[in-house]
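Subject: Structure handover

Hello,

Here is the structure to take over from me. My notes follow below it, arranged by site.

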Amino acid sequence: MTLPINIAVVDDEKDFHLLFKMTFKKMIRTGDIFVNDFLNGIELLDFLELKHDEIKIIILFTDINMPEMDGISLCKVVSERYPDIEIYIASAYGSRQYMDEAKDAGAKNFFTKPIDFKVIGEIIQDKVAEVRKKAS
Amino acid sequence: MKELKEIINFWLVVIISTIALIGFVIEGLKINKLITYFEKQHFETSKIIANNLQATLLFESVEDFNSLTNTFDFKNDYISIEVWDSSGKLFASKGKPILDKLKESTKVKLEYSYIITQTSIDSSGKNFGKVVIKRSSSELSATIKNELLFSFSTLICISIFFMFAGRKLSEEVVVPINGLNEQIKEILKSHDLSVKIPQEHRILETKELSDSFTELIRDLLDSKRELEEMNLNLEELVENKTEKLSSTLKDMKRFQAKLVSQEKLASLGSLAAGIAHEIKNPLNLIQNSALIVSNFTQDVESFNLKLKERDYTDNDLEFFIDDINDVKMSSRIIMDNCKRADNIIKSMLSQSRSDKSKISQKLIESLIDQSVNLCFHAMRAKKNPIDVEIIKNYQENIVINCYPDDLERSLINIIDNSFYAMQERKQIEKGTKFSAILEVSLTKNESFTVIKIKDNGIGIDQKLKEKVLEPFFTTKPTGSGTGLGMSMVNDVAIAHNGELIVNSIVNDFTEVSITISNKLSQEDV
Ligand SMILES: Nc1ncnc2c1ncn2[C@@H]1O[C@H](COP(=O)(O)OP(=O)(O)O)[C@@H](O)[C@H]1O
Ligand SMILES: [Mg+2]
């Protein structure tokens, strides 16, 4: 694994993409991470289908309530086809049922909105450190 | 069918006729015998006379003739006697000449009032002539007359007897039977079984008959009483059941009303639940945008330090300006999403406000917009959200009297149904190029305002179209629909002196139009 690590963000709101990139701008600037954004699950799957060998996505953040394909279904497909990708799921609904479903679908963790970006930042930084360590 | 009397009369006539016939036959035979006997007697007499007259002719002595005929009674019995010789010449005669032309062979001729005998006068095989005797037959006539008279009167007597007997028979049999008949007719007509059948009878059969009838009537009376009792019980039973049913109906109505209001609450509840969560989306963006701004303030401080010490690179400057842009962007996101959250809360509040069924003037397009917004957010917050292109076609500034809460609730239900139908179609046609379109139009003519909501969802089967307005009709899985929405919308349309029309083609579109009167006034309440 090499830097920058590729992160995929799937959300039907463009503002969320913007915000994500702004929040982690420093890491983007330093070349630790690269953010690939998608408006829905289909876009991501198409991308993975085409570019998986070229661009190795390591972390996936996805919303649950989305048109075309919900986050849980996406999670299922991705964890099945690309088991290397670490998946994090977010939803406005924090019900137990959702959390269990997400875990069963292969998600590593579940966030209830509003999402604490600091926690996400930590997850990313941990990943970056891990990659650095492996490289040296 | 013949009357009994007729039958009796018929047989009477038959009997009388038979007796008469037999009487006449017997009488005929008797008379015939009488006549034969009479003729024979006269013939014998005339033979004796002819014998006696042998000498007269033999000796041609008229004297002998006279002395012989002298003893004959010419007053009552004999009319005339003629003696003819063998040459055909009248030899001697007494009384009026006989005018009847008799054939040679005729021996006896019987007429009504006389009898003529013609006898040849023979002696030892030789014919000397003949004697013709005419005598009165009044004796015979009288006898016959008497005989006939007797027979006739006997017949009349017998007839009278039979007629009398017939009458008597009728009286004894027919009258009681007829009486019984009348009585029963009376009973049937008046439906009064208490009428008594008279008990005086002289004939065993009619007595038995009337007894049987009396018994039958008693049985009938018993059955009738039983029936009446049963009827009474039945009435009571029906009354009880009706009472129970009507109370059940009342319960049902109350239950239904409760369900309708529950449906309103439930749809509100699920909408509210969806919307409460929906707020978390803008909140998420606001909170994290704020984080960027707050992070920026720290960056500003460190940059300020660098500025003071004049220890900064071009890169630092570039980044700083970049960060300022981020702040700009973040504040835009914050503002946008605050508005979004505000909208969501507003539509939620408009739903929960309970100034029930009050007419007020409203800008209809804002009512529609609020409903569309609310439903859209609710749909997006739930499972299987979809993108929807919303086309609005409003005639501007339509302000009319309406029940705003009811109208908005109706619009919410209609639009909610539309989103649901389009989500369904999206699910069914997964992977195809289907894109959901909701067309909302608002027009006003002289007397009505029409709101049309058209979706390109799964549509409604022609067979089910009638049922959509029925309460409790739903095609949605339990928990997703109560089937009370459209019936409520229909009620609301009627409350607005308007109507609800549903137009649809399966897998093509559904268009729901709700028409409301422009002239709804407070007096209509
Ligand atoms: N826009 C629509 N498209 C397709 N079907 C519809 C639409 N609106 C209503 N229906 C049908 O009418 C039924 C009754 O609707 P409604 O009275 O609102 O009850 P509910 O929504 O609880 O099922 C729905 O279950 C659905 O089958
Ligand atoms: Mg409905």
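Which residues line the second largest cavity? Before the answer, a caution: this is a predicted model. The lining draws on both chains: Asp63(A), Asn65(A), Ala92(A), Tyr93(A) and Lys113(A) on one side of the list, and His277(B), Glu278(B), Asn281(B) and Ala381(B) on the other. The volume of this cavity is about 40 Å³. Helix H4 of chain B is the top contributor to the lining, with three residues. By class, the lining splits into three nonpolar, three polar and three charged residues.

Cavities

The count of cavities of 30 Å³ or more is two. The largest cavity holds about 70 Å³ of space. It has 14 lining residues, and those closest to its centre are Phe16(A), Phe61(A), Thr62(A), Ala90(A) and Ile115(A). In chain A, H1, strand S3 (57–63) and strand S4 (86–91) each give at least two residues to this lining. Its composition is 10 nonpolar residues, one polar and three charged.

As background, rolling a probe the size of a water molecule over the atoms shows where empty space is left.

Second largest pocket

Elements of both chains give two or more residues to the lining: helix H1 (14–23), helix H2 (25–29) and helix H6 (117–135) from chain A, and helix H4 (204–308) and helix H5 (314–352) from chain B. H4(B) has the largest share, six residues. Sorted by class, the lining comprises seven nonpolar, five polar and eight charged residues.

The shell around ligand 1 has 19 residues, and the closest of them are Thr474(B), Thr475(B), Lys476(B), Gly483(B) and Met486(B).

- An oxygen atom of ligand 1 and a polar backbone atom of Met486(B) are 2.7 Å apart.
- An oxygen atom of ligand 1 is 2.8 Å from a polar side-chain atom of Asn417(B).
- A nitrogen atom of ligand 1 is 3.3 Å from a polar side-chain atom of Thr510(B).

On its own ligand 1 exposes 530 Å², and 94% of that is buried by the protein. Helix H7 (404–428) and helix H8 (485–495) of chain B are the elements that give two or more residues to the shell. H7(B) supplies the largest share, four residues. The shell is made up of 11 polar, six nonpolar and two charged residues.

Annotated segments of chain B

UniProt lists residues 6–26 of chain B as "transmembrane region". In the model, that segment is 100% helix and 0% strand, with its end C-alpha atoms 30 Å apart. Residues 217–247 of chain B carry the UniProt annotation "coiled-coil region". This stretch is also 100% helix and 0% strand, and its end C-alpha atoms are 44 Å apart.

Backbone geometry

Most residues other than glycine have a negative phi, and most peptide bonds are trans. The peptide bond from Lys113(A) to Pro114(A) is cis, with omega near -5°. Pro114(A) sits in the loop between strand S5 (109–112) and H6 of chain A. Lys113(A) is also one of the residues that line the second largest cavity.

Asn397(B), a residue other than glycine, has a positive phi near 55°. Its place is the loop between strand S7 (388–394) and strand S8 (399–402) of chain B.

Regards

Note on methods
Residues numbered from 1 in each chain as written. Chains lettered and ligands numbered in written order. Predicted model: local features only at pLDDT ≥ 70, side-chain atom pairs only at ≥ 80, totals over all residues. Heavy atoms only, no water. Near = heavy atom within 4 Å. Polar contact = N/O pair within 3.5 Å; in protein donor to acceptor, adjacent residues only side chain to side chain. Areas by Shrake-Rupley, 256 points an atom, 1.4 Å probe, with all protein chains shown as cover. Nonpolar A, V, L, I, M, F, W, Y, C, P; charged D, E, K, R; others polar. UniProt positions renumbered as here; feature names shortened; annotations may be inferred. 1 Å grid on protein atoms, 1.4 Å probe; cavity = no way out; pocket = protein on both sides within 12 Å on 5 of 7 lines; lining within 4 Å. Points joined across faces, edges and corners; volume = space filled by probe spheres on them.
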